[in-house]
Amino acid sequence: MTRQDMFDMMQAYKKTSLLKTGIQMGVFDLLANGASGTEEIADKLAADPRGMRILLNALTAIGLLESGPAGYLLAPASADFLVRSRPGYLGDMVHVMASDWEWDALRDLTSAVRTGGTVQDVHAETPGYAYWEDFASFAVAVAEPTAKIMTEVLGPWIRERGAVNVLDVACGHGLYGYELAAVHPEARIWSLDWPNVLDVTRQHAERLGVADRVNFVPGDMFSVPLGGPYDLVLLTNVTHHFSADRVAALLARLRTALKPDGRLVIVGFTVGDASPAVDPAPHLFSVLMLVWTAEGESHSVATYDRALDSAGFQPAAVYPTELPFRILTADVKHG
Ligand SMILES: C[S@@+](CC[C@H](N)C(=O)[O-])C[C@H]1O[C@@H](n2cnc3c(N)ncnc32)[C@H](O)[C@@H]1O
């Protein structure tokens, strides 16, 4: 790593601020509609011309815009990913990946390292946390590909059973259950999350045309009556909120809601044998869990296997994906 790399790392947050501001002000959408001059852009976005000139030049400096004789143009990647009306639009992910909630929590990273957990009064485990409404609204771009892969992995097992009842625990947007329901018309989904999140979840069920096969279970997954028995329980991208012991307790609870030949699916960042330098994603994600939860982090497959065993499940079958997530499936133990 070079001296310049060090300086770049010190200032990386400035690029995040520029990208976020450009998206939130609608700069990329306006340029896609043909605007190009500073005065015109400032006027249409109700901004000060000096402020807009500095922003546009900085967006050009970091490669998100290009400047030509007639003014500013979208760089190719901005045209693909940052224009709301285009199919590849990723801009809403700033509400998830560059949220003020994460930013505020990360400001206290040193205290979290000293304490061994979050020092925030309000954090990812707080009931009714508003961040999860944004996550449910805007995380579609990252959730959809993994939800589709999970649906493919489960395809043969579901087809063999025919009609399946599925509990999606801490469902967020609900896409894992709804992708599955879209492919398997006999599947019925029970979407569990905090009540404020389920208001958003319901909108995705309607958008995806599966709402008539969806039920909602509002409440805390550690205490709300789960109903059942279910063929399948989905537990996606939430086990990292908790310690290994708490994960084991949750799995034992979910086991009681499954049929004797039922199956559990866990999806999430999973620590493998490789060094963090080779497989950075789960380790960087653990930092967020450190500042944002009491005891959470990315767990290893070995940790899941111990939790599954103690909760009455067989060892996990592990499906690596090209994404930074792994898919684990585990069947209820016989006898
Ligand atoms: C990272 S999101 C995962 C959403 C979705 N399952 C996915 O894979 O994208 C975590 C979700 O867990 C929910 N959650 C966290 N703790 C919960 C609890 N104790 N009871 C119910 N839901 C909870 C949050 O509201 C949020 O929607």
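Ring pairs link Trp101, Tyr129, Tyr131, Trp132, Phe135 and Trp292 into a cluster. Rings of Phe, Tyr and Trp (its six-membered ring) pair if their centres lie within 6.5 Å. This is a predicted model, so local features need pLDDT of at least 70, side-chain atom pairs count only at pLDDT 80 or more, and totals for chains, interfaces and linings use all residues. Residues are numbered from 1 along each chain as its sequence is written, and side-chain values use heavy atoms, with hydrogens and water left out.

**Aromatic pairs**

- The structure holds 14 aromatic pairs.
- Tyrosine 13 and tryptophan 103 form a stacked pair, at 6.1 Å centre to centre and 25 degrees between the planes. Planes under 30 degrees apart count as stacked, over 60 as edge-to-face and the rest as tilted.
- Tyrosine 13 lies in helix α1 (residues 3-25) and tryptophan 103 in helix α7 (residues 100-107), so the pair ties together parts that are 90 residues apart in sequence. Helices (H or I, at least four residues) and strands (E, at least two) are DSSP runs, numbered from the N terminus.
- Tyrosine 13 is partly exposed, at 40% relative accessible area. Tryptophan 103 is also partly exposed, at 43%. Buried means under 20% relative accessible area, exposed over 50%, and partly exposed in between (1.4 Å probe, protein chains only).
- Tryptophan 190 and tyrosine 230 have ring centres 5.4 Å apart and planes at 70 degrees, so this pair is edge-to-face.
- Tryptophan 190 lies in strand β4 (residues 188-193) and tyrosine 230 in strand β6, so the pair ties together parts 40 residues apart in sequence. Tyrosine 230 is buried, at 2% relative accessibility.

**Charges over rings**

- The charged end of arginine 202 sits over the ring of phenylalanine 216, 4.4 Å from its centre. The cut-offs are NZ of Lys or CZ of Arg within 6 Å of the ring centre and within 35 degrees of the ring normal.
- Arginine 246 lies over the face of phenylalanine 222, at 3.9 Å from the ring centre.

**Helices**

- α7 packs against helix α14 (residues 280-292) at an angle of about 80 degrees, with the axes 9 Å apart. Axes are lines fitted to C-alpha atoms, for helices over the stretch in contact, and angles run from 0 to 180 degrees between N-to-C directions.
- α7 and α14 are therefore roughly perpendicular to each other (65 to 115 degrees).
- Trp101, Glu102, Ala105 and Leu106 of α7 meet Val287, Leu288, Val291 and Trp292 of α14. Contact means heavy atoms within 4.5 Å.
- Seven nonpolar, no polar and one charged residues make up this contact. Ala, Val, Leu, Ile, Met, Phe, Trp, Tyr, Cys and Pro count as nonpolar, Asp, Glu, Lys and Arg as charged, and the others, Gly among them, as polar.
- Seven of the nine residues of helix α11 (residues 175-183) are buried, so α11 is largely enclosed by the rest of the structure. Among the buried residues are Leu175, Tyr178 and Ala181.

**Backbone exceptions**

- Most residues other than glycine have a negative phi, and most peptide bonds are trans.
- Glycine 228 and proline 229 are joined by a cis peptide bond, with omega about 5 degrees. Proline 229 is in the loop between β5 (214-218) and β6 (230-236).
- Alanine 46 has a positive phi, near 50 degrees. Alanine 46 is in the loop between α3 (38-44) and α4 (49-61), and is exposed at 75% relative accessible area.
- Asparagine 237 has a positive phi of about 55 degrees. Asparagine 237 is in the loop between β6 and α13 (244-255), and is partly exposed at 22%.

Methods:
Angles under 35 degrees count as roughly parallel, over 145 as roughly antiparallel, 65 to 115 as roughly perpendicular and the rest as oblique.
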